[in-house]
Amino acid sequence: MAESTPTAARSWHHGTRRAADVVRLLAALSISVCAAGMGQPDTLGFAIVFLGLLVPRITRLPGPFDFGFCLNIFVATWSGIAGLYRAISWWDLLIHFITAGATAAALFLVLARTGLTPGTADGQVLRGRSIAAMTLALGLSAAVVWEFFEWAANAYLTEEIHVGYNDTMADLAVGGLGALLAGVALVGWKSARTGRPVERPQAPTG
């Protein structure tokens, strides 16, 4: 029984990693589809998306986070091309909420894997509140970068991308909430993975 849990975890990791690879393949095919009949902005957008989806694979993120990131970015990109943001009033906020969370978790894990996140490359255990705070900050930063991208795309590529003060503030708000929940999920995942609470009190000094 003790060996079944690690085996199941490895199976889940490999299964979700393969699913993420399928999404990457679909993104590569989408570049050709857009080039064949949807114009330069969509083709360029999917080319950038495909390159971004390679990052979690190169850095070998855990399968569930790899798949979650890839699927959300893929759906978000096709939602714009298919006009779902205009057709469904709440779809834009939902996508910002989910995508910001998935992106924040992926960014945190990429930074941890490459040793750029304090306390993760030297065997230390990063406190749970630190993980949540850093994931929130990364998610909000990613949301701001995305809003810059939307503004630039509206100004220089197509006016079909809606931008405005209220839209930007709402996107940032739901994105921040998604990132916060992603941070909480990361804390729970790391606790379950190590079999112990992530947050550990430090012994008093002096």
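Student: Leaving aside its neighbours within four places in sequence, which residues is S79 in contact with?
Tutor: This is a predicted model, where local features need pLDDT of at least 70, side-chain atom pairs count only at pLDDT 80 or more, and totals for chains, interfaces and linings use all residues. Residues are numbered from 1 along each chain as its sequence is written, and side-chain values use heavy atoms, with hydrogens and water left out. Contact means heavy atoms within 4.5 Å. With those sequence neighbours set aside, the partners of S79 are L84, Y85, W91 and I95.

Student: Is S79 buried or exposed?
Tutor: S79 lies in helix α3 (helices are DSSP runs of H or I, at least four residues; strands are runs of E, at least two; both are numbered from the N terminus). Buried means under 20% relative accessible area, exposed over 50%, partly exposed in between (1.4 Å probe, protein chains only). S79 has 2% relative accessibility, so this residue counts as buried.

Student: Which residues of α5 does α3 meet?
Tutor: The axes of α3 (residues 63-82) and α5 come within 9 Å and cross at roughly 145° (axes are lines fitted to C-alpha atoms, for helices over the stretch in contact, and angles run from 0 to 180 degrees between N-to-C directions). From α3, the contact uses F65, G68, F69, N72, I73, V75, A76 and S79. On the α5 side these meet W91, I95, I98, T99, A102, T103, A105, A106 and L109.

Student: How do α5 and α6 cross, and what is the angle class?
Tutor: Helix α5 (residues 91-113) and helix α6 (residues 128-156) have axes that come within 8 Å and cross at roughly 120°. Angles under 35 degrees count as roughly parallel, over 145 as roughly antiparallel, 65 to 115 as roughly perpendicular and the rest as oblique. The angle therefore makes α5, relative to α6, oblique.

Student: How many residues of the contact of α5 with α6 are charged?
Tutor: Among the α6 residues in this contact are E147 and E150. Asp, Glu, Lys and Arg count as charged, Ala, Val, Leu, Ile, Met, Phe, Trp, Tyr, Cys and Pro as nonpolar, and the others, Gly among them, as polar. The contact of α5 with α6 has 11 nonpolar and four polar residues, and the charged ones number two.

Student: How far apart are the end C-alpha atoms of α6?
Tutor: The expected span of a helix is 1.5 Å times one less than its number of residues. For the 29 residues of α6 that should give 42 Å, and the distance between the end C-alpha atoms agrees, at 42 Å.
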